[in-house]
Amino acid sequence: MRPELMVIFGIFLVFACLEAYHTGLFGKRGQVAGDAWVEGISAGVLGLVTQPGILLLVNVGLLALIPQHQNALAQWPWWSHVLLLLVFDDMMQYWWHRLSHSVPWLYKMHRPHHNAAYMSVRLVYRNSIVYYAMMPGIWFSAVLIYLGLGWTYAFYIVVKMLVITGAHCDWHWDAKLYRIKALSPLMWVVERLISTPSTHSAHHGKHMADGITHYKGNFGNLLFFWDVLFGTAKITRQRPAEYGVENLPPTDTVEQLLWPLVKRRESYEPVQPVASQVDYSKRV
């Protein structure tokens, strides 16, 4: 196993243990049959098939088309590598994520990530298999690795997964720091720079009317700064009482994993809204 993958697994394990100790890792409130299958299969396919497959396809394709440019950027300074990855991976993921909440058929592929009625490290890779295959950031990253950013990417992806896993974790590390008055200026910067449990849990909230939930914003993955820059940020330092999707019909395990290859006709139309729910057009 590559060193960076071992570190990422270690990060996940640490946050999983913290979550298990403080709130429980399994048997979450609101968990339903099939949740574990969606989480396990989507993560496994991404790590074992989708991402390695994209890396292989891009490498083979570019070797055939532009072999003279392999490792062409390898000698560039490390900070330029980081900047390229932040723009072509993280910012692209921000826009892909934002688009997925604006286009209904894309949201159907992203919905599994929000379908869970809980926050957890288990959600980090929970999406439709097709969603990840289409994610631009993975393809751009593969190109940058071909151009010589392999080692920088290894460090970058460790930092990114540290932030993303921490943001999904049901143990709220940021809440501990908010209570330390001396850290207030630092936390003001931190919550506007990277994703935190507070800002990201707002994105997973179920009811927009609660004043905390913000599933039409807070799209950032590594950098929450993209939300600040592009006007989609909402910072409350609070967490929604409920998580999941509102005003949408039920789906099942197979559709969550394989949409649009598998479609349930009854899940196309929104449920009629009631007073406590928002309009379907605001959900996606």
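This is a predicted model: local features need pLDDT of at least 70, side-chain atom pairs count only at pLDDT 80 or more; totals for chains, interfaces and linings use all residues.

Modeller: Helices (H or I, at least four residues) and strands (E, at least two) are DSSP runs, numbered from the N terminus. Residues are numbered from 1 along each chain as its sequence is written, and side-chain values use heavy atoms, with hydrogens and water left out.

Colleague: Why is Glu-19 called buried?

Modeller: Buried means under 20% relative accessible area, exposed over 50%, and partly exposed in between (1.4 Å probe, protein chains only). Glu-19 has a relative accessible area of 0%, and therefore counts as buried.

Colleague: What makes the pairing of Glu-19 with the side chain of Lys-28 a polar contact?

Modeller: A polar contact is a pair of N or O atoms within 3.5 Å; within protein, one must be able to donate a hydrogen and the other to accept it, and residues adjacent in sequence count only if both atoms are side-chain atoms. The side chains of Glu-19 and Lys-28 make such a contact at 2.8 Å.

Colleague: Why may Lys-28 and Glu-19 also be called a salt bridge?

Modeller: A salt bridge is a side-chain nitrogen of Lys or Arg within 4 Å of a carboxyl oxygen of Asp or Glu. The closest N and O atoms of Lys-28 and Glu-19 are 2.8 Å apart, so the pair qualifies. Lys-28, with a relative accessible area of 8%, is buried. In the whole structure, the search finds twelve salt bridges.

Colleague: Which residues does Glu-19 touch, leaving out those up to four places away in sequence?

Modeller: Contact means heavy atoms within 4.5 Å. By that rule Glu-19 touches Gly-24, Leu-25, Lys-28, Met-119, Ser-120, Val-121, Cys-169, Asp-170 and Trp-171.

Colleague: Where is Ser-120 found, and what makes its side chain a polar partner of Glu-19?

Modeller: Ser-120 sits in the loop between helix H4 (104-115) and helix H5 (129-134). Its side chain meets that of Glu-19 in a polar contact of 2.7 Å. Ser-120 has 0% relative accessibility, and so it counts as buried. Beyond its neighbours within four places in sequence, the contacts of Ser-120 include His-168, Cys-169 and Asp-170.

Colleague: How do you know that Arg-122 and Glu-39 form a salt bridge?

Modeller: Their closest N and O atoms are 2.8 Å apart, so the pair meets the definition. The pair links distant parts of the chain, with Arg-122 in the loop between H4 and H5 and Glu-39 in helix H2 (residues 35-65), 83 residues apart. Arg-122 is buried because its relative accessible area is 9%, and Glu-39 is buried because its value is 6%.

Colleague: What joins Arg-126 to Glu-39?

Modeller: Their side chains meet in a salt bridge, at 2.9 Å from N to O. This pair too links distant parts of the chain, Arg-126 in the loop between H4 and H5 and Glu-39 in helix H2, 87 residues apart. Salt bridges that share partners join Asp-35, Glu-39, Arg-122 and Arg-126 into one network.

Colleague: Why is Asn-221 called buried, and what does its side chain contact?

Modeller: Asn-221 has a relative accessible area of 12%, and therefore counts as buried. It lies in the loop between helix H9 (197-204) and helix H10 (225-230). The side chain of Asn-221 makes a polar contact of 3.1 Å with the side chain of Gln-93. Apart from neighbours within four places in sequence, Asn-221 is in contact with several residues, among them Asp-90, Tyr-94, His-97 and Lys-160.

Colleague: How far apart are Asn-221 and Ala-167 in sequence and in space?

Modeller: Asn-221 and Ala-167 are 54 residues apart in sequence, and 8.7 Å apart in space from C-alpha to C-alpha.
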